[in-house]
Amino acid sequence: MARGLFSRAWLSKTYHFQARLSYIRVKYLFLTWLAVFVSSWVLYVQYSTYTELCRGRECKSIICEKYSKGVIDGSACSSLCEESSLYFGRCLSTKPNNQVYTGSWGDHDGVIKCHLSDILHYELGDELEPKKEVALFDKPTRGTSVEKFKEMVASHLKAKVGEQANLSSLVSLILSVADSNKDGHISLPEAKSAWALLQLNEVLLAVVLQDREHTPRLLGFCGDLYVVERVPHTPLYGLSLPWPMELWIPMGMRQNMDQWFTPSWPRKAKIFIGLLELIEDIFHGTFGSFLMCDMRASTFGYTDRHDLRLVDGRRVVAEEAFKQAMILQHCEDDADCVYGVDCRTSCDRAEHRCMADVAQPNLARACGALKDYLLRGVPVHLQEELEKQLYACMALKGSAEQMEMEHSLILNNLKTLLWKQISHTNDS
């Protein structure tokens with residue numbers, strides 16, 4: 001009898017053990033299947049996103065087809081389409097119609113930018129950029145003389161930067177860029193390429209600031225594809241995380257994480273001084289004023305010597321063009337009067353139109369965007385004074401009386417304070 005009880009107990013334990021083992025197997029089989037399913041879905045989404053955003057082959061095909069037919073010409077055309085010495089590298093695109101790739105061109109490491117849309121008129125939205133309505137590279141037309149093309153360029157620049165005493169100098173700069181082979185003559189294909197590029201905010205800014213050091217140098221172009229110098233350190237700060245991780249990280253923690261991997265404070269101070277100098281260059285500069293409407297970290301980068309570079313100038317717009325677009329914008333409240341990320345005006349509710357003048361100048365928005373970046377790690381003895389000056393900077397208003405004088409005073413005070421602190425260090 002005892003033997004029978006022992007046998008039944010042993011069988012019962014064996015049964016429960018096997019049942020538990022089967023449960024564990026099913027559980028792990030389900031978890032394995034779930035992991036495979038989620039991984040496959042993530043890979044599919046990533047691949048779909050990549051194929052939608054990264055269309056460099058299509059861009060090259062369009063440009064080279066136009067070049068082979070003699071429609072366009074430029075300094076990069078033969079390297080891109082005939083010699084294959086201009087290579088597309090890693091895709092950096094964030095929008096399908098704005099293709100951005102790292103590139104290699106001979107001894108130069110560059111960034112290749114190509115636009116898969118035509119530029120015809122201003123519209124307020126994410127960008128003051130063109131909408132595709134007619135065939136690309138349709139201007140100037142065959143039979144247009146160099147003088148007529150010069151008039152076209154002058155008229156376009158006047159609409160963008162306003163009436164300037166030295167507008168003719170800016171026209172001459174554009175024409176010198178258009179003459180890609182430097183033979184003293186501008187062919188129709190060269191003129192078509194130059195006209196397409198001239199519509200882009202970033203290219204106009206590169207030409208305007210070509211003698212300055214805060215924008216990457218324009219290396220060459222073909223149609224509306226152009227190559228600029230590569231900036232080694234981008235973005236200015238912040239971690240690049242896979243989007244599934246981004247969903248689970250709280251905003252406050254994410255902002256703190258962005259500041260973890262930044263240079264030493266003296267080097268950050270030098271980078272910020274570079275931003276102040278850039279703002280100085282485009283605030284009532286030689287060829288008019290420009291507004292920087294995206295102060296996010298991704299807009300900027302820096303060199304190995306910690307000199308600031310503007311890496312994305314698509315939302316740097318001539319103030320005159322900004323005003324013209326704003327006064328045509330219908331609005332119900334102030335939230336409707338925003339261009340880019342942070343260029344805001346107020347809404348005239350009686351007329352349901354946006355006002356022309358920007359609410360805050362570039363300097364105030366730059367101080368606001370990089371306040372935490374600059375204050376993190378600041379020497380204790382400097383913190384109070386720096387914080388005081390940054391808040392004074394952030395308080396600048398576009399409509400304040402004597403704003404230009406106040407703007408210059410605050411900018412120079414900040415530069416002096418920072419240079420005095422870092423001028424004796426090796427980091428400067």
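Predicted model: local features only at pLDDT ≥ 70, side-chain atom pairs only at ≥ 80, totals over all residues.
Me: What volume does the largest cavity have, and which residues lie nearest its centre?

Reply: Its volume is about 120 Å³. The lining of the largest cavity counts 13 residues, and Glu-202, Ala-206, Thr-215, Pro-216 and Leu-310 are the ones nearest the centre.

Me: Which element gives the largest share of that lining?

Reply: Helix 7 does, with 4 residues. Helix 7 spans 201-208, and both this helix and strand 5 (225-229) supply at least two lining residues each. Sorted by class, the lining of the largest cavity has 9 nonpolar, 2 polar and 2 charged residues.

Me: And the second largest cavity: how do the residues of its lining divide by class?

Reply: That lining has 10 nonpolar residues, no polar ones and no charged ones. You can find them in the model: Ile-174, Val-177, Ala-178, Ala-194, Leu-197, Leu-198, Val-203, Leu-204, Val-207 and Phe-221. Helix 5 (167-178), helix 6 (188-198) and helix 7 each give two or more of the lining residues. The volume of the second largest cavity is about 90 Å³.

Me: Now the helix pairs. Are helix 12 and helix 13 roughly parallel or roughly antiparallel?

Reply: Read the angle between their N-to-C directions; over 145 degrees counts as roughly antiparallel. Helix 12 (residues 362-375) and helix 13 (residues 380-394) pack at about 150°, with axes 8 Å apart, so the two helices are roughly antiparallel. Their crossing is left-handed.

Me: Which residues make that contact?

Reply: On the helix 12 side look for Leu-363, Ala-364, Cys-367, Gly-368, Lys-371, Leu-374 and Leu-375; on the helix 13 side, Leu-386, Glu-387, Leu-390, Tyr-391, Cys-393 and Met-394. By class, this contact has 10 nonpolar, 1 polar and 2 charged residues.

Me: What angle do helix 4 and helix 6 make?

Reply: About 5°, with the axes 12 Å apart; helix 4 covers residues 146-161. Angles under 35 degrees count as roughly parallel, so helix 4 is roughly parallel to helix 6. Phe-149, Met-152, Val-153, His-156, Leu-157 and Lys-160 of helix 4 meet Ala-191, Ala-194, Trp-195 and Leu-198 of helix 6. The contact residues split into 8 nonpolar, 1 polar and 1 charged.

Technical notes
Residues numbered from 1 in each chain as written. Heavy atoms only, no water. 1 Å grid on protein atoms, 1.4 Å probe; cavity = no way out; pocket = protein on both sides within 12 Å on 5 of 7 lines; lining within 4 Å. Points joined across faces, edges and corners; volume = space filled by probe spheres on them. Nonpolar A, V, L, I, M, F, W, Y, C, P; charged D, E, K, R; others polar. Axes fitted to C-alpha atoms, helices over the stretch in contact; angles between N-to-C directions. Parallel < 35°, antiparallel > 145°, perpendicular 65-115°, else oblique. Left-handed = near helix turned anticlockwise from the far one by under 90°. Contact = heavy atoms within 4.5 Å.
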